[in-house]
Amino acid sequence: MNEFLDPLILARWQFGLTTLYHFIFVPLTIGMALLVAILQTAWVRTGKTKYLRLTRLFGKIFLINFAMGVVTGIVQEFQFGMNWSNYSRFVGDIFGAPLAMEGLIAFFFEATFIGLWIFGWDKLPKKVHLLTIWMVWVGTVLSAYFILAANAFMQNPVGFEINDERGRAELQDIGAVLMNPVAVTQFPHTIFAATMFAGVVIVAVAAWHLQRGQYVEEMRTALRFGAWTNIIAFMGVGFTGHSLGMVMTETQPMKMAAAEALYENASGADASFSIFSLGTPDGAHEIFSIRIPYLLSFLSNGTFDGSVEGIRDLQAEYEAMYCGADSLLTCPSDGQFAPIIWVTYWAFRWMIGLGALAALVSAVGLWITRKNTELPAWVWKVAIWSAPLPMLASLVGWIFTEMGRQPWIVFGVMTTEQGVSPGVPGWAVLTSLIVFTLVYGALAVVEFKLITKAAKEGLPEIASDESGEPDHERLATVY
């Protein structure tokens, strides 16, 4: 019962669930803003009405998702004060800086141009109006970067000093915080992953209509556009993921060791990557595995003859480094510096596997639709049900990122157990956890119904004025 009401465990569950829920909307907002901008650009350049109709359809989906992301994102920052006040007091001077930039610069920039885009159809010149949706996308990626910079500080703290008199970390170099190597490599990886998600959503919507023989010309264009987007973005995810892996090995070697459940140091052919592995209940000994020699060395170091440190050596190294006389904030109470191995091991593989499966579905879809769209119903169902795959890959990717950092809340500076709010009873955290879960569950139903309704309504009709151009005054009422 005491463990059930442990404030630390409950606070971690609450933050994890609300963060993952919020992140369902974030990548779709980032990716869909880009793809809507590309579709509108195609309309402006070619004058073809099909691109305008697709812009309006997927623009509506983008706006629904954006609104839900704003609502769920607000809760995130409240939790730093409610459940993680020790953390906020100790590193808020650094962690809060990029968060403030996100709110005061990126979000207002993004919101301003969204307003201009929604209400500017009949008021702005065509090319100026096009610029507004591109500025919306710029705002979304700026917002993403500032958030990732804040998260990168937790993974690889830089640009600060500990003020012993005040008992807190203080910002010394905002440039170092913003140009953290983890943020610089994590940013393109996240943007490409977001673009994958938006691409398969477009594929799923197009497949639903093509299955029913609706808007065949427009939806075939959308299907192939979404599929190519997904494949290109997947290649970007792989390339940037490799760069991120090497930075992770340099800054958080325990996380990379846990990703492979590597207990002993390995190099060359022994530094292999297991596609699948079975081990003893404690995970310390392998029973069976399917391995690719040299691959872990390449992922970690960029070479096939590099070395990768194992969990046992890192455990001993961290004990000596972080469990000395003045180690209240840096030594876990149980003395364990490794994360939960099975979580990091399988999250890493699910992340790769789900993303690869989504790209495979798109590649096959491009091949079989290259000449016609008269295909069996099950083909379209596969395309529709591929929509959640990149989203799920992103979610397990964040589980890997955050769980792999444990037992730290800020790597090498503060353990997670030291960051929780003192004096907050477990029942209070449990109550808010239940309330958030119920409210977020209801919001999920609302979001899903609104998006599926917009998707099933299909392409809007475009009225023309006397010159044959789209009637911009009526376009302004679409949203």
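In E2, which residue is the bridge partner of Ile 162?

Guide: The bridge partner of Ile 162 in E2 is Ala 169. Before we go on, please note that this is a predicted model, in which local features need pLDDT of at least 70 and side-chain atom pairs count only at pLDDT 80 or more, while totals for chains, interfaces and linings use all residues. Residues are numbered from 1 along each chain as its sequence is written, and side-chain values use heavy atoms, leaving out hydrogens and water.

Strands E1 (residues 160–163) and E2 (residues 168–171) run antiparallel and are joined by 4 bridges. Strands (E, at least two residues) and helices (H or I, at least four) are DSSP runs numbered from the N terminus, and two strands pair if DSSP finds at least two bridges between them. Together E1 and E2 make a hairpin with 4 residues between them, and Gly 167 in the turn has a positive phi of about 65°.

Now for two other strands. E4 (273–279) and E5 (286–292) each supply at least two residues of a nonpolar surface patch, and E5 gives the most, with 4 residues. Such a patch joins nonpolar side chains (Val, Leu, Ile, Met, Phe, Trp, Tyr) within 5 Å, from residues with over 30% relative accessible area and no salt bridge; a salt bridge would be a side-chain nitrogen of Lys or Arg within 4 Å of a carboxyl oxygen of Asp or Glu. The members, among them Ile 275 and Phe 288, have about 640 Å² of accessible area together, by the Shrake-Rupley method with a 1.4 Å probe. Phe 288 is found in E5 and is partly exposed at 43% relative accessibility, where buried means under 20%, exposed over 50% and partly exposed in between.

Finally, the rings. Rings of Phe, Tyr and Trp (its six-membered ring) pair if their centres lie within 6.5 Å; planes under 30 degrees apart are stacked, over 60 edge-to-face, and the rest tilted. That rule gives 26 aromatic pairs. In one of them, the ring centres of Tyr 318 and Phe 337 are 5.7 Å apart and the planes stand at 75°, so the pair is edge-to-face. Tyr 318 sits in helix H10 (residues 311–322), and Phe 337, 19 residues apart from it, is in the loop between H10 and helix H11 (341–368). Tyr 318 is buried at 3% relative accessible area, and Phe 337 is buried at 1%.

Definitions and conventions:
Buried < 20%, exposed > 50% of the residue type's maximum accessible area, 1.4 Å probe, protein only. Patch = residues over 30% accessible without salt bridge, like charges linked within 9 Å, V, L, I, M, F, W, Y side chains within 5 Å.
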